[in-house]
Amino acid sequence: MNLFDYEKSKIARDTGKQLAADNSILLEKARQIAVEVALMRSDRRCSADDVGVEMQKQGLPVSLGPAAGSLFRQKHWRFTGDRINSKRVSNHAREIKVWELIQ
């Protein structure tokens, strides 16, 4: 068995994300919040941190688990090319993408 196969790695990633997304009610709520956050801004931008902050305000679980990678995986979101450092402590200030609502 080859442990290093880029194509198989991508397929496993995408399959796992889709499986998580298909089974997550919380993901749907997070997607709804993302749209609401973007619509409140003139530039219609949003990040995963923005969604997490709003979920926390609403008393919802902040972690989406494996479904987090599917948060902005919809046709009405476009990656802006911008990245910001996450403020979430568990993310250790790693870069996260900024998305734009294009609907």
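Contact here means heavy atoms within 4.5 Å. The model shown in these views is predicted.

**View 1. Trp 77 and its contacts.** Neighbours within four places in sequence are left aside here. Trp 77 is then in contact with Ala 34, Val 35, Ala 38, Arg 44, Cys 46, Phe 72, Trp 99, Glu 100, Leu 101 and Ile 102.

**View 2. Arg 44 in its loop.** Arg 44 sits between helix H2 (25-39) and strand S1 (45-47). Its relative accessibility is 26%, so Arg 44 counts as partly exposed. Arg 44 and Leu 101 are 57 residues apart in sequence, yet their C-alpha atoms are 5.5 Å apart in space.

**View 3. The largest nonpolar core.** This core has 18 residues. Cys 46, Val 51, Leu 64, Leu 71, Phe 72 and Trp 77 touch the most other members. H2, helix H3 (48-57) and strand S3 (95-101) each give two or more residues. H2 provides the largest share, seven residues. In soluble globular proteins, nonpolar side chains tend to be buried together.

**View 4. The largest pocket.** It holds about 590 Å³ of space. Of its 23 lining residues, Ala 48, Ala 68, Gly 69, Phe 72 and Trp 99 are the closest to the centre. H3 supplies the largest share of the lining, five residues. By class, the lining has ten nonpolar, five polar and eight charged residues.

**View 5. The second largest pocket.** About 160 Å³ of space lies here. The lining includes Ser 47, Asp 49, Ile 84 and Arg 88. H3 gives the most to this lining, with five residues. Three lining residues are nonpolar, three polar and four charged.

Terms used
Residues numbered from 1 in each chain as written. Predicted model: local features only at pLDDT ≥ 70, side-chain atom pairs only at ≥ 80, totals over all residues. Heavy atoms only, no water. Helix = DSSP H or I, 4+ residues; strand = E, 2+ residues; numbered from the N terminus. Buried < 20%, exposed > 50% of the residue type's maximum accessible area, 1.4 Å probe, protein only. Core = buried A, V, L, I, M, F, W, Y, C linked by side-chain atoms within 4.5 Å. 1 Å grid on protein atoms, 1.4 Å probe; cavity = no way out; pocket = protein on both sides within 12 Å on 5 of 7 lines; lining within 4 Å. Points joined across faces, edges and corners; volume = space filled by probe spheres on them. Nonpolar A, V, L, I, M, F, W, Y, C, P; charged D, E, K, R; others polar.
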